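Subject: Structure handover

Hi,

Here is the structure I promised to pass on to you. Have a look at it first, and then read my notes below.

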Amino acid sequence: MPKDPKKPFLASEKTGLDAASIKQSIANHLTYAVGKDSITATDRDWFFTAAYVTRDRLIDRWMETMRGYYVSDAKRVYYLSMEFLMGRTLMNSMLNLGFDQEFRAALGEVGVDLDRIREIEHDAALGNGGLGRLAACFLDSMATLDLPGYGYGIRYEYGMFSQRIEDGRQVEHPDNWLRYGNPWEFPRPEVLYQVKFHGRVVQYADERGIVRHHWVDTDDVMAMAYDSPIPGCGTKTVNNMRLWAAKATRDFELRYFNEGNYIKAVEDKNESENLSKVLYPDDTTAMGRELRLKQQYFFVCASLQDVLYRYGKYHENFDALPDKVAIQLNDTHPSIAIAELMRVLVDQNHLDWEKAWDITTRTFAYTNHTLMPEALETWPVALFENVLPRHMQIIYEINHRFLKDAMHRYPGDSEVLRRMSIIDEAGGKRVRMAHLAIVGSHKVNGVAQIHTELMKQTIFADFDRFYPGKIINMTNGITPRRWLNQANPRLAKLITSRIGNGWIKDLSQLKRLAPLAEDAAFRQEFAAIKRANKQNFAAMIKRRICVDVNVDSLFDVQIKRIHEYKRQLLNLLHVVTLYNRIRHDPAADFVPRTVIFGGKAAPGYFRAKLIIKLINDVGDIVNNDPVVAGRMKVVFVPNYDVSTAENMIPAADLSEQISTAGTEASGTGNMKLALNGALTIGTLDGANIEIRNEVGEENIFIFGLTAAEVARVKAEGYQPWDRYHANIELREALDMIGSGFFSPGEPERFKPIVDSLLQHGDHYLLLADYASYAACQKEVEQSYLDQERWVKKAILNVANMGKFSSDRTIMQYAGQIWDTKPVVPPA
């Protein structure tokens with residue numbers, strides 16, 4: 001039973017980082033905030049107590065930071081993103097504040113284990129994959145670098161979904177992450193903005209004869225703010241993430257209630273508040289598409305009103321807006337902000353078009369995250385006209401003026417105008433949101449060197465020619481605070497014992513580890529830490545899916561969104577090949593391997609969900625075949641999220657980064673895994689190329705076609721059947737999958753997967769890369785057999801990951817795009 005904490009009075013109880021202050025704060029919050037004593041308190045009560053104690057130590061810094069920005073009239077950065085995949089906050093905040101050990105000791109004195117209660121915290125369900133996690137890393141880096149940065153997004157009530165695996169299939173369940181409340185957020189009911197939809201546009205001439213537009217007869221929703229503090233590491237800077245929740249303009253229609261129509265009485269409230277219920281509603285239906293577009297405008301409209309309110313406190317006109325405000329569009333989801341700012345400037349504040357456009361384009365910058373034309377967001381003009389009629393008019397005007405300039409540059413070239421137009425006229429008019437973002441921003445960036453070059457050469461080649469110098473590269477990064485210091489405390493402690501803790505804020509210092517790859521004692525400690533991490537993760541696998549795995553096997557990890565271009569299926573073809581090799585020659589020597597998958601498929605993505613089913617069906621056969629005798633296991637870890645990643649990544653030996661060259665913009669999972677000592681097997685795609693350049697060709701496993709070779713193979717008329725007939729092992733694996741070997745109760749279950757490869761063109765060239773991939777995997781096995789050599793390679797991966805800190809990325813954004821400077825809080 002926990003013991004009663006002592007309660008001496010201390011003036012520093014709310015802010016002190018010493019053990020005595022923390023103990024007093026724990027006692028007070030348990031009693032006065034949670035309403036429990038140490039006898040009746042549950043682990044959840046102790047978690048909330050710990051959160052409130054930590055939050056207290058953020059608040060003074062948070063307010064001082066905000067005041068500092070006002071006093072200095074600093075140029076602020078506003079990062080607009082549909083996703084912020086924050087993960088858990090408790091340990092991240094404690095580590096950034098630097099009082100985790102004191103807190104652990106204080107809790108220990110009352111009989112509470114910090115490691116146990118930290119597991120109570122639910123991941124904030126505010127994102128899905130790399131886009132949202134990148135945004136979270138960037139917020140951490142902006143605060144750590146003392147940059148005046150704010151995050152703006154949506155406070156999703158249920159997030160995307162909680163993934164369960166039932167009979168091997170993904171089943172989506174609501175992720176009710178707010179069930180017990182969120183101790184980190186501060187509701188701001190006084191920060192409430194009106195957001196309009198639908199209606200019509202009235203055109204009139206003002207007293208000077210100038211044509212004006214008025215958006216009337218709209219359906220309105222209110223956006224209410226929720227603030228969360230974002231602490232920097234080793235600094236007093238605490239920035240703000242402001243998320244918007246949808247609220248009805250009227251909660252209750254008493255007339256309908258009195259008539260007995262109780263559903264109708266709250267219908268408007270429910271419909272309005274659906275806007276912030278779920279991340280990425282299924283857009284395979286017309287209602288889903290409309291809801292998704294409304295979500296994007298909802299958070300953009302509220303955010304811009306908030307930004308302009310803050311700016312207007314100290315500025316009488318908009319002339320200085322680009323000098324005081326930088327807005328970064330994280331992908332195309334918030335790009336409607338360009339049309340919205342024009343509406344505010346032209347319609348509401350009566351600036352002339354040219355001046356408003358100059359202010360707008362100097363304020364916005366856009367980050368592109370995809371090279372695939374089919375993934376570039378477009379909206380039907382008819383839907384846009386219905387939901388946002390005035391914005392559609394503004395986009396038409398932007399496009400008209402842009403195409404006029406382009407026509408003067410390329411007279412008579414109607415084809416280039418068609419390609420560059422913001423409106424796609426082919427097959428029903430659609431608004432190209434990426435084109436709007438490019439035209440309306442002063443800088444556009446890719447997120448890896450190859451990605452940026454391919455942007456210039458392929459999908460945005462016309463824009464690069466029209467706007468020379470506008471498209472630049474900002475290679476992505478990850479925060480070492482979360483992805484090494486927090487996720488892998490054993491390795492972090494070892495590194496700090498040898499080179500000090502400066503690497504936590506300056507990841508380039510990891511270079512000093514490189515000579516230690518030749519130190520046998522260091523290698524032994526490094527290997528022991530990896531094995532301990534594998535034991536931890538093996539225990540998680542056992543708890544979650546009741547599969548025992550061999551911690552001395554090669555942990556082969558592929559954790560990412562389930563999508564055909566990420567090629568989990570290529571990995572699985574190799575798994576079936578390894579299985580067949582064991583079946584055909586059980587007495588041969590095999591390197592034990594545990595192949596680990598994790599990731600979610602979009603609810604409406606049939607083939608991705610079928611791949612999840614195939615992974616689980618293959619695992620069921622392989623894991624239970626006595627011939628295999630435990631030499632290989634295949635596991636799918638359900639509901640992959642940030643907290644799961646923090647357990648998986650430190651345990652990985654091999655990092656699968658095997659997308660078709662030219663399809664992955666960057667990837668950040670590759671960086672996280674390499675930073676924790678996993679060796680990469682990958683194509684020359686995304687950031688893999690830069691990782692190879694940093695760690696050395698001898699410390700990474702590269703296979704497959706390059707982006708140029710992919711283009712050439714497709715241009716020459718790729719025939720997947722030729723690869724099928726030429727490779728016996730590939731043919732056997734495909735035949736087994738297609739004939740029902742892994743689904744005897746439903747032999748044709750996986751025929752659509754095989755047909756996609758053989759009958760429908762193998763769009764992502766799995767069969768073209770298969771032989772190279774299988775050969776590269778043999779190199780992996782040979783390297784893994786020589787553990788001394790393998791550990792050296794792993795240490796050199798860690799030592800050479802300094803470039804991939806999000807701190808470096810954010811410093812580049814600040815200098816090359818935002819033109820903003822640090823505001824250092826007073827000591």
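A word on naming first: helices (H or I, at least four residues) and strands (E, at least two) are DSSP runs, numbered from the N terminus. Residues are numbered from 1 along each chain as its sequence is written. This is a predicted model, in which local features need pLDDT of at least 70, side-chain atom pairs count only at pLDDT 80 or more, and totals for chains, interfaces and linings use all residues, while side-chain values use heavy atoms, with hydrogens and water left out.

On confidence: pLDDT is the predictor's confidence in each residue, from 0 to 100. The protein chain has a mean pLDDT of 94, and 96% of its residues reach 70 or more. Residues 1-11 have a pLDDT below 50, and this stretch has 24 contacts (heavy atoms within 4.5 Å) in the model beyond near neighbours in sequence. Where pLDDT is low, the predicted coordinates should not be read in detail.

Now the sheets, where two strands pair if DSSP finds at least two bridges between them. S19 runs parallel to strand S18 (residues 593-598), and 6 bridges join them; Thr594 has Lys633 in S19 as its bridge partner.

Two helices pack on this sheet.

The loop between H24 and S19 holds Ala629, whose phi is positive, near 55°. Is Ala629 buried or exposed? With a relative accessible area of 56%, Ala629 is exposed (buried means under 20% relative accessible area, exposed over 50%, partly exposed in between, with a 1.4 Å probe and protein chains only). Asp819, in the segment after helix H34 (806-818), also has a positive phi, near 55°. Most residues other than glycine have a negative phi.

A further open sheet has 3 strands in the order S12-S14-S13, with antiparallel pairing. Strand S12 (378-380) and strand S13 (423-424) are its edge strands, each pairing on one side only. S13 and strand S14 (residues 430-432) are joined by 2 bridges, and Asp424 has Arg430 in S14 as its bridge partner.

Some helices are worth a look too. The expected span of a helix is 1.5 Å times one less than its number of residues. Helix H6 (residues 130-144) has 15 residues and should span 21 Å, which agrees with the 21 Å between its end C-alpha atoms. Of those 15 residues, 14 are buried, and H6 is followed by Asp146, with a positive phi near 60°. Helix H32 (residues 766-785) reaches 27 Å over its 20 residues, close to the expected 28 Å. H32 bends by about 30° at Ser772, where the bend is the angle between axes fitted to the seven residues ending there and the seven starting there.

Finally, Glu102 sits in helix H4 (residues 100-109) and is partly exposed, at 30% relative accessibility. Leaving aside neighbours within four places in sequence, Glu102 is in contact with Leu17 and Ile22.

Best wishes
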